[in-house]
Amino acid sequence: MAQYSPERAEEIADNIASVQSRMNDALLSITNAQKAQLVAVSKYKPASDILAAYEKAGHRHFGENYLPSDIKWHFIGTLQSNKCKTVAGEDGAHTASFHTMRNKYSAKKASTLDKACAASRSEPLRIFLQVNTSAEETKSGMLPREALDVARHVVSSCAHLKLAGLMTIGSPNPDLENGENPDFKTLNECRAIIQETLKIDDLELSMGMSDDFPQALLQGSTNIRVGSTVFGSRPPFTKST
């Protein structure tokens with residue numbers, strides 16, 4: 001089992017407590033605010049950091065890493081179609097650990113993942129559709145106008161997937177002149193269209209990261225994804241050879 005220093009564990013626990021306090025402060029200004037979930041984005045971090053957050057802070061929702069079976073693992077990133085069987089748990093290795101998938105889905109990829117889940121999971125896999133609300137070429141995600149068709153396909157044709165919500169990564173320099181982040185506003189509009197058209201009323205919003213999560217909460221986010229504020233800056237990613 002990975003080991004961590006008491007000092008590092010205390011630092012991570014304090015960071016999580018600070019983020020949760022800021023979340024609570026933001027939600028206090030919202031009438032009938034819905035409780036929001038903090039997802040600690042731990043990718044590229046050592047297992048000892050995740051273990052520290054797990055044991056010292058009692059945290060359970062993580063992005064991309066998993067240790068004990070009761071961690072709620074949120075897969076964040078690009079899912080290749082040929083990996084659907086693995087992440088769905090068809091090989092028996094991951095079924096208990098996956099809680100939510102957050103990804104750029106197409107109808108074809110959703111069907112591939114649904115088929116893999118049918119062979120391995122007793123409950124539907126929760127998925128968030130990633131929407132590129134800023135239309136930046138460097139970002140993954142479907143365009144807002146594509147979201148309804150993919151959502152309709154998931155709801156009508158993928159019995160082993162549960163459409164849990166929508167997600168976006170906001171622009172690094174949003175125009176807040178009107179008091180709202182335009183990317184978060186666009187995601188809200190996508191949700192409203194999907195909910196009205198498909199007659200569903202429980203879609204969540206996953207938006208907001210270390211730099212902008214208070215604003216995201218003010219605009220209705222139910223999931224925030226925080227990495228560097230909890231664990232510190234990430235090391236540069238290098239592909240293994």
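The model is predicted, so local features need pLDDT of at least 70 and side-chain atom pairs count only at pLDDT 80 or more, while totals for chains, interfaces and linings use all residues. Residues are numbered from 1 along each chain as its sequence is written, and side-chain values use heavy atoms, with hydrogens and water left out.

Salt bridges come first. Counting a side-chain nitrogen of Lys or Arg within 4 Å of a carboxyl oxygen of Asp or Glu, the model holds 7 salt bridges. One of them joins Arg8 to Glu11, at 3.1 Å from N to O. These two residues lie 3 apart in helix H1 (residues 6–28), about one helical turn; helices (H or I, at least four residues) and strands (E, at least two) are DSSP runs, numbered from the N terminus. Arg8 and Glu11 also belong to a network of salt bridges with Asp49.

Other pairs reach across the chain. Glu10 and Lys56 meet at 3.3 Å, N to O, and this bridge links helix H1 with helix H2 over 46 residues. Glu10 is partly exposed at 34% relative accessible area, as is Lys56 at 45%; here buried means under 20% relative accessible area, exposed over 50%, and partly exposed in between (1.4 Å probe, protein chains only). Asp202 and Lys162 form a further bridge, with their closest N and O atoms 3.4 Å apart.

With a disulfide taken as a pair of cysteine sulfur atoms within 2.5 Å, the count is 0. For Cys158, the nearest cysteine sulfur is that of Cys117, 9.4 Å away. Cys158 is buried, at 3% relative accessible area, and Cys190 is buried at 6%.

Most residues other than glycine have a negative phi. Ala135, however, has a positive phi of about 55 degrees. This alanine lies in the loop between strand S5 (125–130) and helix H5 (144–157) and is exposed at 54%. Lys199 has a positive phi too, of about 60 degrees; its loop runs between helix H6 (182–198) and strand S7 (204–206), and Lys199 is exposed at 70%.

Finally, an unreviewed UniProt entry lists Lys43 as "modified residue: N6-(pyridoxal phosphate)lysine". UniProt positions follow the numbering used here, feature names are shortened, and annotations may be inferred rather than shown by experiment. Lys43 is in the loop between strand S1 (37–41) and helix H2 (47–56), and is buried at 14% relative accessibility.
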